[in-house]
Amino acid sequence: MTTRPPLSRSIPFWVLLVGSVATAAVGAWLVSDRLGIMTATLNDGTATGVEVYVGQSVAVLGAILVGAGVVGLLLTLAVATAASLRPRTAVSSPPAYTAPTAATSAVPAAEDLDAPATTDAEPNDARRDLEDAPRDADAQTAPAEDTDLTKAPATR
């Protein structure tokens, strides 16, 4: 199962957000600059064709950029909303592995890995179970080991 990083660590999300804000800001600057120049020159009577006709085209380009920035911000908001609806998966770290000591030959249970180590005076339940288990008279080996891979490996 793949886990996705939270939205605050997603590079494409931040690129979309920063790009949208920058596009809207540049568009707003173009519109206000060109309209200000056109208004001033038309009121003074010194307006030329370049200032009036080219200024209109640049102001329209600025309005388009403002619109694209707003659409990008709305998409960012939609992505953030969709990410908040996604169920969170708790990723836990595996239990800490403690190597068995020479005095303890039994494999501790997965629940006992975080428990303090026992001494020979206080054998743990897994060791007691191995000592009390009946042995086959013909076989000279201990009972079959558990095949649970979550337990620590046994040493002999």
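Start by selecting L77, which you'll find in helix α2. A helix here is a DSSP run of H or I with at least four residues, while a strand is a run of E with at least two, and both are numbered from the N terminus. Before you click on, know that this is a predicted model, in which local features need pLDDT of at least 70, side-chain atom pairs count only at pLDDT 80 or more, and totals for chains, interfaces and linings use all residues. Residues are numbered from 1 along each chain as its sequence is written, and side-chain values use heavy atoms, with hydrogens and water left out.

**Stop one: around L77**

Is L77 buried or exposed? L77 has a relative accessible area of 54%, so it counts as exposed. The cut-offs are these: buried means under 20% relative accessible area, exposed means over 50%, and partly exposed is in between (1.4 Å probe, protein chains only).

Together with L77 they make a nonpolar surface patch of about 290 Å². A patch is built from residues with over 30% relative accessible area and no salt bridge; nonpolar side chains (Val, Leu, Ile, Met, Phe, Trp, Tyr) are joined within 5 Å, and like charges within 9 Å. Areas like this one come from the Shrake-Rupley method with a 1.4 Å probe, and for residues only the protein chains shown count as cover.

**Stop two: two threonines in α2**

Select T81 next, still in helix α2, which covers residues 49-85. A polar atom of the T81 side chain sits 2.8 Å from the backbone oxygen of L77. That is a polar contact: a pair of N or O atoms within 3.5 Å where, within protein, one must be able to donate a hydrogen and the other to accept it, and residues adjacent in sequence count only if both atoms are side-chain atoms. T81 itself is partly exposed, at 41% relative accessible area.

Then pick T76, also in helix α2. Its side chain has a polar atom 2.8 Å from the backbone oxygen of G72. At 4% relative accessibility, T76 counts as buried. Which residues does T76 touch, leaving aside its neighbours within four places in sequence? Show F13, L16, L17 and S20: T76 is in contact with them, where contact means heavy atoms within 4.5 Å.

F13 is buried at 12% relative accessibility, whereas W14 is partly exposed at 40%.

**Stop four: across the sequence**

A22 is partly exposed, at 39% relative accessibility.

For another such pair, go to P6, in the segment before α1 (11-44). Its C-alpha atom is 9.5 Å from that of S84, which is 78 residues away along the chain. P6 counts as partly exposed, with 36% relative accessible area.

**Stop five: the salt bridge**

Zoom to D33 and R34. They form a salt bridge, with the closest N and O atoms 4.0 Å apart, and the structure holds 1 salt bridge. The term means a side-chain nitrogen of Lys or Arg within 4 Å of a carboxyl oxygen of Asp or Glu. D33 is partly exposed at 27% relative accessibility, and R34 is partly exposed at 31%.

**Last stop: the whole chain**

Zoom out and colour by secondary structure. The protein chain has 3 helices and 0 strands, running α-α-α from the N terminus on. Of its 156 residues, 15% count as buried. The accessible surface comes to about 11800 Å², with 63% of that belonging to carbon and sulfur atoms. Among contacts with a separation of 6 or more, 66% are between residues 24 or more positions apart.
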